[in-house]
Amino acid sequence: MPSPYDFHIHTAYLKCANETMSVPALVRRCEGLGLEAIAITDHLNAPEFLPQHSLIRQDLNEIATSMRIYFGVEVNVIDKDTGAVSIDEAQRAEGGFEMVIGGPHSSYFDKPDKEAIIDLQHRLMLQVLANPLVDVLVHPWWFGTAEFRPGGPMEWLTDMGQIPDWHVRELSEAALRYGKAIEANHSAFFIGNQYGPTFRETYPHYLAEIAGYGVRISIATDAHDISRLDGIHPMMDILESVGITREQLWTPEMLLPAPSA
Ligand SMILES: [Zn+2]
Ligand SMILES: [Zn+2]
């Protein structure tokens with residue numbers, strides 16, 4: 001079954017995605033993929049980037065499409081002691097963001113101190129889930145390529161079996177308690193080979209365990225190049241291969257308050 005959604009997409013405006021990712025081009029590509037709803041979620045690592053986000057919003061206002069498009073933003077953990085993220089309430093309101101996705105983007109370690117890294121990463125993810133400003137925890141256990149270089153802090157993470165079961169339970173319980181979704185991210189884990197074959201095999205089961213607790217999964221490509229958008233249907237195939245169904249997917253409608261009678 002094809003995926004109906006992609007709720008993590010970047011644009012060329014913030015210079016992280018390449019020039020193929022203009023707003024009209026990515027919208028057309030997502031229409032071509034038959035998607036019902038998408039979210040544009042470019043990075044906001046500091047408030048000075050808010051003006052670029054307003055350009056995205058202007059483009060969206062001018063596009064005619066039957067697809068539902070949400071104007072969102074991706075934020076980063078900027079303080080490893082408090083788990084604080086790179087947006088505050090005033091910036092969320094000023095930017096007019098309909099949804100916020102976020103999570104840690106670093107191990108915060110230089111050395112491969114495995115247990116300490118797992119502990120810290122887990123704590124930061126719990127703090128992100130508890131943060132009322134964030135709606136979706138992005139790409140759990142993703143780390144940049146540089147951290148995987150031989151001798152780098154993360155080169156050991158080649159099997160999700162290394163993450164204790166009680167962590168998965170605690171993470172899932174936090175997501176349920178705060179009404180948050182956890183992301184299934186195609187570009188982060190299923191493109192390239194930095195994690196190795198065992199990781200790729202065990203990661204979908206990790207997501208299935210989370211979904212098994214009743215947590216909604218936010219399906220996404222995290223595309224930075226237009227061709228990466230095509231990964232959304234393979235991502236759904238991967239989810240279905242471990243028993244996750246369309247009914248278990250998250251959508252931003254779940255954020256909206258029920259209309260009063
Ligand atoms: Zn990210
Ligand atoms: Zn991203």
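## Terms put to the test

Tutor: Gladly! Let us start with a facing pair: isoleucine 219 in β7 has alanine 184 opposite it. This is a predicted model, in which local features need pLDDT of at least 70 and side-chain atom pairs count only at pLDDT 80 or more, while totals for chains, interfaces and linings use all residues. Residues are numbered from 1 along each chain as its sequence is written, and chains are lettered from A and ligands numbered from 1 in the order in which they are written.

Student: What makes β6 and β7 a pair of strands?

Tutor: Strands are DSSP runs of E with at least two residues, just as helices are runs of H or I with at least four, both numbered from the N terminus. Two strands pair if DSSP finds at least two bridges between them. β6 (residues 181–185) and β7 share four bridges in the parallel sense, so they meet that rule.

Student: And how do you know that β4 and β5 pair?

Tutor: β4 (residues 99–103) and β5 (residues 136–137) are joined by two parallel bridges, and the rule asks for at least two, so they count as paired. Here glycine 102 faces leucine 137 of β5.

Student: Why are β1 and β7 called edge strands?

Tutor: The seven strands make an open, parallel sheet in the order β1-β2-β3-β4-β5-β6-β7. β1 (5–9) and β7 each have a single partner strand, so one side of each has no neighbour in the sheet. Helix α8 packs on this sheet and touches β1, β6 and β7.

Student: Why is aspartate 222 called buried?

Tutor: A residue is buried with 20 or more other C-beta atoms within 10 Å of its own, exposed with 12 or fewer, and partly exposed in between, the C-beta atoms being placed from the backbone. Aspartate 222, in the loop between β7 and α8, has 26 such neighbours, so it is buried. This residue also has a positive phi of about 60 degrees, although it is not a glycine.

Student: What about histidine 139: buried or exposed?

Tutor: Buried, because 22 other C-beta atoms lie within 10 Å of histidine 139. Its place is the loop between β5 and α5, and its phi is positive too, about 20 degrees.

Student: Why is glutamate 240 only partly exposed?

Tutor: Glutamate 240, in α8 (residues 232–241), has 14 other C-beta atoms within 10 Å, so it falls in the partly exposed range. Glycine 179, with 13, is partly exposed as well.

Student: Why are α5 and α7 called oblique?

Tutor: Their axes come within 9 Å and cross at roughly 50 degrees. Angles under 35 degrees count as roughly parallel, over 145 as roughly antiparallel, 65 to 115 as roughly perpendicular and the rest as oblique, so α5 is oblique to α7.

Student: How do you know that the radius of gyration agrees with a compact globule?

Tutor: The radius is taken over C-alpha atoms, and the globule rule is 2.2 Å times the number of residues to the power 0.38. For 261 residues a compact globule would be near 18 Å, and the protein has 17 Å, which agrees.

Technical notes
Contact = placed C-beta atoms within 7 Å. Axes fitted to C-alpha atoms, helices over the stretch in contact; angles between N-to-C directions.
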